[in-house]
Amino acid sequence: MAQFPVNPKFPEEKWDRAKAEKYGYNTDRFKSLSNYITGSTRFTGVMVIVNGEDIFHYGSLDRISYIASCRKSIISMMYGKYVEDGTIDLGKTVGELGIDDIGGLLPSEKEATIQDLITARSGVYHPASNAGDTKDKPERGSKKHGEYYIYNNWDFNVAGTVFEQLTGKNIFDAFWQDIGSRIGLQDWNRERHKKSGDLTVSIHPAYHFHFSTRDMARIGYLMLREGNWDGEQVISKEWVKRITSPASTYEEVNPKDKGRYSYGYMWWLFDPASPDFVPELEGAYTARGAMGQYITVIPKLDMVLVCKTEAIFKRRSTHKMYLNVLQRILEARL
């Protein structure tokens with residue numbers, strides 16, 4: 001794990017700001033980054049946090065909007081408390097929990113475990129209630145649970161169903177109680193958080209979260225600090241390490257289109273096997289969401305990078321745009 005400052009800073013009511021040079025970055029290069037974001041991306045909000053201080057920001061920091069699939073990384077964080085206290089047994093199967101779906105699940109699909117769900121290895125290829133996952137899935141019943149990775153919204157949505165069934169708590173209420181209220185989110189609005197999906201396709205809805213850029217940064221900073229928030233262990237260090245360790249290798253995640261990542265428990269991990277890997281990203285990982293939503297944790301630089309694209313403006317930032325922003329931040333070091 002990374003070596004952090006002895007006395008790391010934490011935001012109180014708001015993020016403190018610091019000059020880029022305080023942490024070894026060049027202000028002029030960040031000005032060039034602002035120009036790049038404006039002219040070549042569609043991002044509506046960007047923040048760079050180092051040692052708990054805002055050394056660069058762009059656009060809206062306080063507007064709340066949809067974070068798409070970053071929701072999956074957040075529920076991964078939420079699982080920790082309940083796995084460790086025994087409320088959730090990751091070895092329990094879908095069948096044992098009485099989980100089913102439209103038209104019924106196959107007997108082999110009911111053998112999938114909760115751990116399979118939260119690592120996208122269930123082998124259940126029933127249609128999900130929402131789009132946005134890998135389209136060309138294997139035929140149903142063709143893969144045994146645990147043996148094959150594919151990015152699968154059915155898995156992620158059912159992980160939400162399981163969470164609520166076993167904890168007896170609504171996902172959004174549990175997030176606020178267990179995490180959000182303890183890290184001082186500035187812009188939380190419970191009314192914005194609602195489930196959605198076509199329940200005639202699957203009975204398991206998606207649990208969509210809505211956050212501001214600066215609150216996404218708090219979530220990333222909690223992960224950077226290994227679950228600790230100003231002396232309080234909000235998520236155990238062991239669980240943070242577990243969910244950000246590979247459950248699927250780089251080769252398993254990218255059999256056709258080579259990217260940069262292996263996959264943990266609903267977090268994407270920058271993988272040294274990638275031909276584009278750079279040393280600064282050793283141990284780094286990110287939450288990723290459609291249209292350009294990112295919460296990236298870079299332990300080696302003691303950094304959190306947040307990129308947000310607000311769907312209300314009908315904007316979309318590509319993954320390449322995100323990687324270009326990340327590259328320019330690395331190049332801004334003195």
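These entries record what I looked up in the structure.

**Basis.** I worked with a predicted model, in which local features need pLDDT of at least 70, side-chain atom pairs count only at pLDDT 80 or more, and totals for chains, interfaces and linings use all residues. Residues are numbered from 1 along each chain as its sequence is written, and side-chain values use heavy atoms, with hydrogens and water left out.

**Core.** I began with the largest nonpolar core, which has 104 residues. I took such a core as a set of buried Ala, Val, Leu, Ile, Met, Phe, Trp, Tyr and Cys residues joined through side-chain atoms within 4.5 Å. Buried means under 20% relative accessible area, exposed over 50%, and partly exposed in between, with a 1.4 Å probe and protein chains only. Tyr79, Phe175, Phe209, Phe211 and Tyr322 have the most contacts inside this core. Helix H2 (residues 70-84) gives the largest share of the core, eight residues. Helices (H or I, at least four residues) and strands (E, at least two) are DSSP runs, numbered from the N terminus.

**Helix H2.** I noted that 13 of the 15 residues of H2 are buried. Just after H2, Gly86 has a positive phi of about 90°.

**Phe175.** I listed the contacts (heavy atoms within 4.5 Å) of this residue. Leaving out residues up to four places away in sequence, Phe175 touches Ile74, Met78, Gly180, Leu185, Trp188, Phe209, Phe211 and Ile219.

**H2 against H5.** I fitted axes as lines to C-alpha atoms, for helices over the stretch in contact, with angles from 0 to 180 degrees between N-to-C directions. The axes of H2 and H5 come within 11 Å and cross at roughly 70°, which makes the two helices roughly perpendicular. Angles under 35 degrees count as roughly parallel, over 145 as roughly antiparallel, 65 to 115 as roughly perpendicular and the rest as oblique. Ile74, Ile75, Met78, Lys81 and Tyr82 of H2 meet Ile171, Ala174, Phe175 and Asp178 of H5. By class, this contact of H2 with H5 has seven nonpolar, no polar and two charged residues. Here Ala, Val, Leu, Ile, Met, Phe, Trp, Tyr, Cys and Pro count as nonpolar, Asp, Glu, Lys and Arg as charged, and the others, Gly among them, as polar.

**H1 against H9.** The axes of helix H1 (residues 27-40) and helix H9 (residues 319-331) come within 10 Å and cross at roughly 170°, so H1 is roughly antiparallel to H9.

**Aromatic pairs.** I found 25 aromatic pairs in the structure. Rings of Phe, Tyr and Trp (its six-membered ring) pair if their centres lie within 6.5 Å; planes under 30 degrees apart count as stacked, over 60 as edge-to-face and the rest as tilted. Tyr79 and Phe163 form a tilted pair, 5.8 Å centre to centre with 50° between the planes. Tyr79 lies in H2 and Phe163 in helix H4 (residues 153-167), so this pair ties together parts 84 residues apart in sequence. Both Tyr79 and Phe163 are buried. The ring centres of Phe172 and Phe209 are 5.1 Å apart and the planes stand at 85°, so that pair is edge-to-face. Phe172 is in helix H5 (residues 171-178) and Phe209 in the loop between strand E6 (206-208) and strand E7 (210-211), 37 residues apart. Phe172 and Phe209 are both buried.

**Asp187.** I placed Asp187 in the loop between H5 and strand E5 (194-196). Asp187 is buried, with a relative accessible area of 14%.
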